[in-house]
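Biologist: I'd like to learn how to read a protein model. Could you walk me through one?

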Amino acid sequence: MGLSLRSWIANEGGKHCILITWLSVSAWIFWRTFILYCSGAEYHYLHKMLGLGLCISRASATVLNLNCSLVLLPMCRSILTVLRGTRQVSSKKARRLLDKSKTFHVTCGVAICVFSVVHVGAHLVNVVSFSVRYSDEFPALNVAHYRGQSVPGITGVLLVLVLFLMFTASSHSVRVGNYEIFWYTHNLFILFYVVLLMHVVGGALKYQTNVDAHPPGCIPANQTRAHSDTWPNQEVDGELVAESREMSLVCKEDAHFQPHFPQTWLWVLGPLCLYCGERLYRYIRCNASVTIVSVVRHPCDVIEVRMLKNSFKARPGQTLTVPGGLTCPTENKETFGIHVRVVGDWTDVLCPDWKLCCAACPRLYVDGPFGSPSEEVFNYEVSVCVAGGIGVTPFACIMHALLDEWRRYKLQRLYFVWVCRELNSFYWFAELLCGLHRKLWEQNRPDYLNIRLYLTTAQELQNLTDEKYRPLHSRLLIGRPKLKLLFEEIGRSNQHKKVGVFCCAPKGVSRELHKLCNSFSASGTVFEYNKESFS
């Protein structure tokens with residue numbers, strides 16, 4: 001499957017521009033710091049003692065400072081949600097870049113881990129150098145108290161331990177299998193930043209403060225006199241050459257050293273304060289009272305919780321945070337609801353008897369709503385929504401909005417593809433789909449919504465038996481969707497248009513959709529890929 005340049009630029013261009021910029025800035029500050037510590041006059045004696053380990057440790061530390069500040073910004077989700085609705089971020093491309101915030105967060109996290117390994121490795125070399133090259137001439141440079149002593153950094157060891165726990169608990173298998181481990185371990189970032197700010201206070205590495213009075217490599221005055229007695233000056237053209245050379249390198253005073261002012265504060269403090277302020281706002285907001293109106297158990301272990309919260313309003317496609325991931329609120333006038341798959345832990349407590357549920361469950365908190373890629377469905381003339389199982393939730397919000405008033409949006413045609421393993425899963429939103437289908441027929445727009453339901457594990461011919469679901473009978477297909485044929489059909493019907501593709505499905509389906517969006521080149525149609533992620 002080849003790439004289409006136009007489609008690739010539409011889907012990957014902005015993301016790769018940001019990636020190249022980030023890589024360029026990281027490489028530039030690494031090289032700039034490396035050269036500074038390698039050839040800077042103020043680090044001459046320190047470099048002579050530590051060698052390459054000094055340059056690499058300081059250069060990697062600068063890149064770590066950059067990424068430890070950037071990694072916080074994509075997690076300011078309330079701020080990103082506000083930005084999505086402002087005039088400053090009015091273009092679709094800019095909003096789609098905001099949807100890549102989680103990817104950028106992960107990228108910065110990986111960079112932190114990689115450069116931490118480099119930084120730790122370089123500092124291990126430095127510890128050996130401080131021990132072996134103990135300086136009797138400049139005692140202020142030493143970290144060891146005597147030759148042969150190795151001094152470990154306690155804060156550095158603690159940082160490595162915390163980072164290791166956070167990194168291992170962030171794997172996909174841990175997030176899916178036991179989200180609580182990921183959640184609580186990831187909150188160790190608070191300890192990480194506290195120790196990080198303490199880590200730079202030690203001042204182990206020092207620079208020379210009086211380079212003008214004590215040029216690197218200069219000869220002390222007493223050594224100059226001794227040298228002139230043993231090495232007679234040579235006279236050339238009436239000048240004492242040797243004496244003039246030595247006098248230009250004579251030390252006016254002893255070398256003085258002091259530790260740097262901690263630079264990590266300058267990098268991290270602003271983003272850290274911004275993130276803490278955002279989390280405080282979210283904490284206050286999610287502590288507002290939430291009343292559970294009803295709890296309904298749907299087929300295939302899906303629970304619908306309908307709630308009432310004062311001053312709560314979500315745009316179609318926005319998400320809420322729940323233990324185990326995200327979900328999307330579906331509004332119904334004064335109440336809103338969430339659909340949660342029962343997979344253990346707290347979800348098992350939810351039950352059809354909502355009064356018993358309210359008595360047995362711990363207090364329910366609602367964090368959100370937050371912006372998500374699904375909000376962009378309405379900003380295309382043609383959109384394609386592909387859902388897998390419970391991944392239909394964000395698109396159910398879209399259906400609810402269209403059922404209220406479909407004419408208010410730019411959207412003129414919606415292709416809805418829903419893939420499930422069990423037939424009963426389609427009952428979750430069967431009434432909603434039939435209601436929207438019926439309304440569009442009554443208003444003479446039967447072509448507005450194209451529904452395709454796929455049942456992947458049927459042993460025999462099955463269908464939705466209830467008569468009220470008749471509109472869905474002919475739209476239920478057995479097997480997996482032929483996405484390439486679907487793209488060709490949409491391309492022929494919508495030539496020279498931009499089509500929004502939205503996916504909330506397993507990785508295999510998502511990967512295939514992404515490749516198709518990047519490779520499709522027929523009929524001048526461009527498919528712009530948008531991925532919803534709940535893990």
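**Reading the model, feature by feature**

Modeller: Let's begin in a loop: Asn444 sits in the one between helix H16 (430-442) and E14. Keep in mind that this is a predicted model.

Biologist: Is Asn444 buried or exposed?

Modeller: The cut-off for exposed is over 50% relative accessible area. Asn444 has 64%, so Asn444 is exposed. Its phi is near 60°, a positive value in a residue other than glycine.

Biologist: Which loop holds His496?

Modeller: That would be the loop between H18 and E16. The phi of His496 is also positive, near 60°, and again the residue is not a glycine. With 63% relative accessibility, His496 counts as exposed.

Biologist: You mentioned H18. Which residues of helix H18 (residues 483-493) are buried?

Modeller: Leu483, Leu486, Phe487, Ile490 and Gly491 are the buried ones. Look down the helix axis and they fall within an arc of 135°, so they line one face of H18. The face turned away from that buried side carries the exposed residues Lys484, Leu485, Arg492 and Ser493.

Biologist: And what covers the buried residues of H18?

Modeller: The cover includes strands and a helix: strand E12 (382-388), strand E13 (413-420), strand E14 (449-455), strand E16 (498-504), helix H19 (507-519) and strand E17 (526-531).

Biologist: Now for pairs of helices. How are two packed helices described?

Modeller: By the angle between their axes and the distance between the axes. Take helix H3 (residues 52-70) and helix H6 (residues 101-132): their axes come within 8 Å and cross at roughly 155°. Angles over 145 degrees count as roughly antiparallel, so H3 is roughly antiparallel to H6. The crossing of H3 past H6 is left-handed.

Biologist: Which residues meet there, between H3 and H6?

Modeller: On the H3 side they include Leu54, Ile56, Val63 and Leu64. Among their partners in H6 are Phe104, Ile112, Phe115 and Val118.

Biologist: At what angle do the axes of helix H7 (residues 154-169) and helix H10 (residues 189-199) cross?

Modeller: Roughly 155°, with the axes coming within 9 Å. H7 and H10 are therefore roughly antiparallel to each other, and H7 passes H10 in a left-handed crossing. Residues of H7 including Leu158, Leu159, Val162 and Met166 take part in the meeting with H10, where Phe189, Leu191, Phe192 and Val195 are among the residues involved.

Biologist: How about a single side chain? What does the side chain of Arg95 make a polar contact with?

Modeller: With the side chain of Glu376, at 2.6 Å. Arg95 belongs to helix H5 (residues 92-98). The cut-off for buried is under 20% relative accessible area, and Arg95, at 11%, counts as buried.

Biologist: Let's zoom out. How many helices and strands does the protein have?

Modeller: There are 19 helices and 17 strands. Of the 535 residues, 46% count as buried. Then look at contacts between residues at least 6 apart in sequence: 76% of them join residues at least 24 apart.

How values were computed:
Residues numbered from 1 in each chain as written. Predicted model: local features only at pLDDT ≥ 70, side-chain atom pairs only at ≥ 80, totals over all residues. Heavy atoms only, no water. Helix = DSSP H or I, 4+ residues; strand = E, 2+ residues; numbered from the N terminus. Buried < 20%, exposed > 50% of the residue type's maximum accessible area, 1.4 Å probe, protein only. Polar contact = N/O pair within 3.5 Å; in protein donor to acceptor, adjacent residues only side chain to side chain. Arc of directions from axis to C-beta. Contact = heavy atoms within 4.5 Å. Axes fitted to C-alpha atoms, helices over the stretch in contact; angles between N-to-C directions. Parallel < 35°, antiparallel > 145°, perpendicular 65-115°, else oblique. Left-handed = near helix turned anticlockwise from the far one by under 90°.
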